[in-house]
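Please look over the sequence and the model below before reading the report.

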Amino acid sequence: MDLTKRIRDKMMKQRLMFVYRGVVTNENLVPLLMLLEKEMENSEFGFLGRKRLFMFVLESLQNVSRHSDRNQYADMSLVVYSKKDNGYTVTTGNVLPSANITDLKSKLDEINNLQTDEIRNVYRQMLSNAKFSDKGGAGLGLIEMAKKTGNKLDYDFVPLDEEFSYFILSKTVNSVGVGMHRGGNEQPFNGKVISELERLMAENNIYLVWSGHITTDVEREVLTFTETKLTEEDVELTLRRRIFSVLVEILENVAKYSPGREPEEKFGMPVAMIRLEDDVYTLTTGNLILNDKVEDLKKKLDTINKYDKVGLKELFRKSLSGQTINTNSTGNMGLIDMARKSGSKLIYLFEQINEFYSYYVLTVKVEGRTN
């Protein structure tokens, strides 16, 4: 549970919404993009701002995908979305040979020294003259990113060892889609926070964290992304279905007890986290809950944890038979189903925040075998 609190505090302090660590592919690229779109639906971003940001994100993800060869460093790629007062920041990280840094840095600096109209001219020249490789050569992808937001690119290189470095590329875009660059009198961009985040996720076998309001649309995209990821990893079908079913229930459990956006933003944002270690998928959620609901929920969780597999099946049947068309609540069914499908106990913790709210952390482990 200490890990969940550590992640939650880090996400809130740095205003991170979403972090994914792993290989970026053509298949998971779309749900990665859609997660940001769904979160932005309730923001102040207009059509033009949203369009510019999405185009930049798409190019960034494609850039990571092109350069994330399936080697021992492929799963170190990172995609981070964060919320700012007047915009969103999109940051990617991926490993590259340190020998490539000088050339890449030269291209980035050259792009950052161009004015907006010069970027468009250079882009047109490159389209007509560049010799393209399977990596998208000549820096065309980078200048495409700069062109779409009309501004400069923040970047950093963090050494990993004598041969490889971590390349971090970041862009903050305001509500009208114009990029905001750390320059002039501002402190230069530093990728240390991102590299530390990657290390934290690696050490704890985390590959996905969402921190924000769990709306129906966000839940759907988290599920879509997870399903895509499990399919890519060749997870056995029965196990994949169990993981998916448990994830559906645990996310809906967050929504069920949510006291609303305002208290969440003030006292504790919801968090959803997926970990994989030794063929065990660990699904964890954390969310604010009203104190007057805690004791009843504790009793439900403790009751469910007393039953074995056979007892849970019977408990679910009884709970199901008690439902009618006029029933407003599904009672314990979601929690029972989590225990049934996962085959594990429901691990929980309630941390009292103040006289009105507590923070409720629920962890469910799904054991299985991958092919």
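## Model and confidence

This is a predicted model, in which local features need pLDDT of at least 70, side-chain atom pairs count only at pLDDT 80 or more, and totals for chains, interfaces and linings use all residues. Residues are numbered from 1 along each chain as its sequence is written, and side-chain values use heavy atoms, with hydrogens and water left out.

The protein has a mean pLDDT (the predictor's confidence in each residue, from 0 to 100) of 83, and 86% of its residues reach 70 or more. Over residues 130-138 pLDDT stays under 50. For this stretch the model has 13 contacts (heavy atoms within 4.5 Å) beyond four places in sequence. Residues 324-330 also have pLDDT under 50, with 5 contacts beyond four places in sequence.

## Helices α2 and α8

Helices (H or I, at least four residues) and strands (E, at least two) are DSSP runs, numbered from the N terminus. The axes of α2 (residues 26-40) and α8 (residues 216-232) come within 9 Å and cross at roughly 165 degrees. Axes are lines fitted to C-alpha atoms, for helices over the stretch in contact, and angles run from 0 to 180 degrees between N-to-C directions. The two helices are therefore roughly antiparallel to each other; angles over 145 degrees count as such, and those under 35 as roughly parallel.

On the α2 side, the contact includes Pro31, Leu32 and Leu35, and on the α8 side it includes Val218, Val222 and Phe225. By class, this contact has 7 nonpolar, 3 polar and 6 charged residues. Nonpolar covers Ala, Val, Leu, Ile, Met, Phe, Trp, Tyr, Cys and Pro; charged covers Asp, Glu, Lys and Arg; the others, Gly among them, are polar.

## Helices α11 and α13

The axes of α11 (residues 294-305) and α13 (residues 333-342) come within 10 Å and cross at roughly 30 degrees. That makes α11 roughly parallel to α13. Leu297, Lys300, Leu301 and Ile304 of α11 meet Leu335, Ile336 and Ala339 of α13 in this contact. Its classes are 6 nonpolar, no polar and 1 charged residues.

How many of the 10 residues of α13 are buried? The number is 8, so α13 is largely enclosed by the rest of the structure. Buried means under 20% relative accessible area, with a 1.4 Å probe and protein chains only. Among the buried residues are Met333, Asp337 and Ser342. The buried residues of α13 pack against α9 (237-257), α11, α12 (309-321) and β11 (357-367). After α13 comes glycine 343, whose phi is positive, near 75 degrees.

Terms used:
Angles under 35 degrees count as roughly parallel, over 145 as roughly antiparallel, 65 to 115 as roughly perpendicular and the rest as oblique. Buried means under 20% relative accessible area, exposed over 50%, partly exposed in between (1.4 Å probe, protein chains only).
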